[in-house]
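Hi everyone, thanks for coming. I'd like to walk you through one structure today, so please have a look at it before I start.

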Amino acid sequence: MNEDQELEQPIESKQVFYLRALVIGVLLIPFNCYWLAAAELRWYVMLTLNPLFITPIFYLFILALANMALRRFLPKYVLKPAELVIIYVMLVVSCTLCTQDYLRNLVQAIPFPRWFATAENRWETDMFHHLPQWLLVWDKKLLEGYFRGDSSLTPSVIRMWFLPLAFWSIFIITCGWIMLCMSTLLRKSWSDYTKLSYPIVRLPFALTENPHPGAALRSPILWAGFALAAGISANNQLHQWFPMIREIQVRAQPIGFSNPPLSALGGAALTLYPFSIGLAFLLPLDVSFSCWFFFLLFRLQALVGYQMGYGNVQDFPYVHEQAIGGWTAFGLLLLYSSRNHLKEAVRVALRPDGSDKDEPMSYRIAFWGLLIGCAIFFVFWLEAGMSPGWVLFSLGAYMLTSIVITRIRAEAGGQHTFADLEPAGFMRLFDSNTVGSNNLAAGALNHWYWRYNRSHMMPNQLEGFKLGQDNKMNLRSLVLPIMIAMVVATIFGMWAYLYVSYTEGASARCLGFTTGAGNEAFGPLGSALKDGYKTEAGKWGVVASAALFVGFLSYMRASYSSFPFHPLGYCIAPGLVWHWMPFFVAWVIKFTILRYGGLRTYRQVLPFFLGLILGDYVAAALWSLIGVIFHMPAYQAFH
């Protein structure tokens with residue numbers, strides 16, 4: 001069947017294929033959630049801490065191989081490109097929720113105050129009455145199994161967790177819906193008008209490309225990259241089992257200096273992750289250059305500041321405050337640059353004329369759905385004790401953060417760790433007495449879903465729409481799978497993290513359980529409620545300076561095509577601790593190829609770098625599966 005014949009299939013046939021994809025996606029999500037919880041929580045094998053998630057790529061690779069066999073022996077059962085996209089997008093959505101940086105943080109945070117309250121920290125007297133009782137769990141006896149293990153999800157345990165998790169589920173689905181509405185309203189501006197590169201989509205597209213998904217797997221150049229990355233991974237897994245085999249070091253090697261002034265540079269890591277080099281190779285040269293350049297510039301700030309006598313100044317060079325100013329300015333400039341499209345989208349939403357027929361949802365549904373979602377968000381945090389002003393700030397900051405992360409993913413693809421606009425962090429720019437105890441408590445309770453933002457929902461949704469668009473799909477066929485995936489993954493993700501915790505013990509045998517999210521939220525809250533803090537005018541000056549600098553970079557980039565610095569590089573740089581070296585290596589390789597070989601050579605070698613990503617991910621998935629099934633540590637691609 002050729003492409004034209006496939007497009008001319010009757011509606012009934014398309015409905016059967018659509019239903020088949022939904023069923024496969026729904027069946028895979030519970031297994032995926034348990035796999036992630038067991039690997040990341042029990043064994044600390046990270047599968048979702050990078051923007052392109054490992055397990056969906058692994059599933060897609062297996063399905064592509066199966067398709068090649070089916071096409072030869074049972075052609076009527078071959079999965080269509082649209083089916084592969086639906087299954088992949090559903091699995092990606094499940095990874096945005098059931099991950100180290102999202103549901104794990106939630107399940108860790110809500111029992112944290114009760115379990116870790118002591119006479120010394122005085123949380124019971126100073127903190128508990130400021131926390132919303134309905135969003136946390138409080139029975140310390142029933143929490144013993146959670147932290148110590150060798151227990152189970154008994155009816156009494158389930159009753160304790162049910163209501164808090166039910167309320168949080170409403171919040172999670174609401175946030176996912178808000179992201180879906182914003183993705184719809186912004187999609188055309190970024191995908192059709194600006195034509196962003198979406199590097200994250202390149203490998204999934206190669207495995208789903210119409211009319212013959214998986215055809216990219218016939219490329220010997222791709223398999224050369226695959227063999228190199230998978231070979232390194234296999235060697236290093238064997239090194240873990242048999243230490244006499246020498247490790248090929250591609251993961252983090254800490255670097256630092258103990259003596260001043262170089263000690264002011266702080267710690268960093270040298271890495272050569274094959275997948276990260278492959279992803280960074282897909283970026284435009286100015287983007288990859290700006291990322292590693294500004295990472296080094298931030299370190300240079302600390303060194304120069306030390307030489308100028310600021311070495312003993314706490315928090316210098318104020319990276320957190322620079323991030324607040326930089327990300328805020330970048331987000332507002334993005335909205336300003338999209339203002340004409342957004343005005344048109346609102347006009348069509350209020351006066352429909354059919355011009356939005358190619359969008360995931362009609363602008364009317366997206367616009368009013370966004371307002372309804374925002375209203376639920378507002379009421380949720382108002383009931384949690386936050387004042388209306390701070391709720392509005394939290395909502396606005398979360399939406400702005402979602403937009404900038406999505407844009408950076410669409411242009412830079414690579415790793416980001418960003419949470420500087422979260423309420424608890426922003427509140428520290430003010431006097432704690434002015435903020436108020438209830439707002440401080442609610443701000444701390446926000447922390448779990450802000451932490452690092454490495455598995456954010458909105459960029460993955462928009463990248464799913466881009467993948468569907470490149471495969472010439474009706475984008476509206478992706479909305480229902482995304483919503484179903486959010487609901488199913490929320491339910492099974494919560495179950496998976498609770499099951500692993502009660503079985504293994506969050507503080508006993510779970511190597512991936514840390515008190516980070518809880519300490520980061522409730523430790524500063526306890527100190528703020530006890531001792532308070534004051535505003536510092538100098539930090540506001542840093543925020544303003546960083547915002548102006550991003551504005552300057554944006555102006556220069558718009559005015560001079562040869563200007564080499566991209567403002568997103570300044571924003572993303574502090575979070576590139578693990579990836580600055582792969583960005584540098586990929587930039588050097590791509591610059592050299594384009595300079596001396598031209599665009600033709602670049603296109604010829606591109607499959608090799610896709611193979612680096614695929615080989616590293618497939619091997620990492622296999623090792624983690626072996627670890628989960630046979631209860632043993634496994635080599636991981638990252639960290």
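**A walk through the model**

Let's begin with L511, which is found in the loop between α22 (479-509) and α23 (516-531). Keep in mind throughout that this is a predicted model. Which residues does L511 touch, once we set aside its neighbours within four places in sequence? They are L41, R42, W43 and Y44. Take W43 from that list: 468 residues separate it from L511 in sequence, yet their C-alpha atoms are 5.2 Å apart in space.

Now to another loop, the one between α24 and α25, where we find H566. Is H566 buried or exposed? Its relative accessibility is 4%, and the cut-off for buried is under 20%, so H566 counts as buried. Not counting residues up to four places away in sequence, H566 touches D286, V287, S290, F294, E411 and R557. For K357, the picture is another one: 209 residues along the chain from H566, with 34 Å between the two C-alpha atoms.

Why is the pair called edge-to-face? The ring centres of F549 and Y570 are 5.1 Å apart and the planes meet at 75 degrees, and over 60 degrees counts as edge-to-face. As for accessibility, F549 is partly exposed at 29%, whereas Y570 is buried at 5%.

How many aromatic pairs are there by this rule? The count comes to 71. Let me pick out F61 and F226: with ring centres 5.7 Å apart and planes at 25 degrees, this pair is stacked, because the cut-off for stacking is under 30 degrees. F61 belongs to helix α3 (residues 54-73) and F226 to helix α11 (residues 220-241), so the pair ties together parts that lie 165 residues apart in sequence. Both F61 and F226 are buried.

Ring pairs can also join up into a cluster, and one such cluster includes Y102, W134, W168, W381 and W450. Charges meet rings here too. R428 has its charged end over the ring of Y533, 4.1 Å from the ring centre, and K590 lies over the face of F281, at 5.9 Å from the ring centre.

In soluble globular proteins, nonpolar side chains tend to be buried together. In this model, the largest nonpolar core has 220 residues, and Y146, W161, W168, W381, F522 and L614 have the most contacts inside it. Helix α9 (residues 155-193) gives the largest share of this core, 16 residues.

Apart from neighbours within four places in sequence, L614 is in contact with I57, F61, L203, L207, L217, L222 and F226. That list includes F61 and F226, our stacked pair.

My last stop is helix α27 (residues 598-630). Its 33 residues reach 48 Å from the first C-alpha to the last, close to the 48 Å expected at 1.5 Å a residue. Where does α27 bend? At V605, by about 35 degrees, with a proline, P607, following within four residues. After α27 comes H631, which has a positive phi, near 55 degrees.

That's my tour, and I'm happy to take your questions.

Methods. Residues numbered from 1 in each chain as written. Predicted model: local features only at pLDDT ≥ 70, side-chain atom pairs only at ≥ 80, totals over all residues. Heavy atoms only, no water. Phe/Tyr/Trp six-rings, centres within 6.5 Å; stacked < 30°, edge-to-face > 60°. Helix = DSSP H or I, 4+ residues; strand = E, 2+ residues; numbered from the N terminus. Buried < 20%, exposed > 50% of the residue type's maximum accessible area, 1.4 Å probe, protein only. Lys NZ or Arg CZ within 6 Å of the ring centre and 35° of its normal. Core = buried A, V, L, I, M, F, W, Y, C linked by side-chain atoms within 4.5 Å. Contact = heavy atoms within 4.5 Å. Expected span 1.5 Å × (residues − 1). Bend = angle between axes of the 7 residues up to and from the residue.
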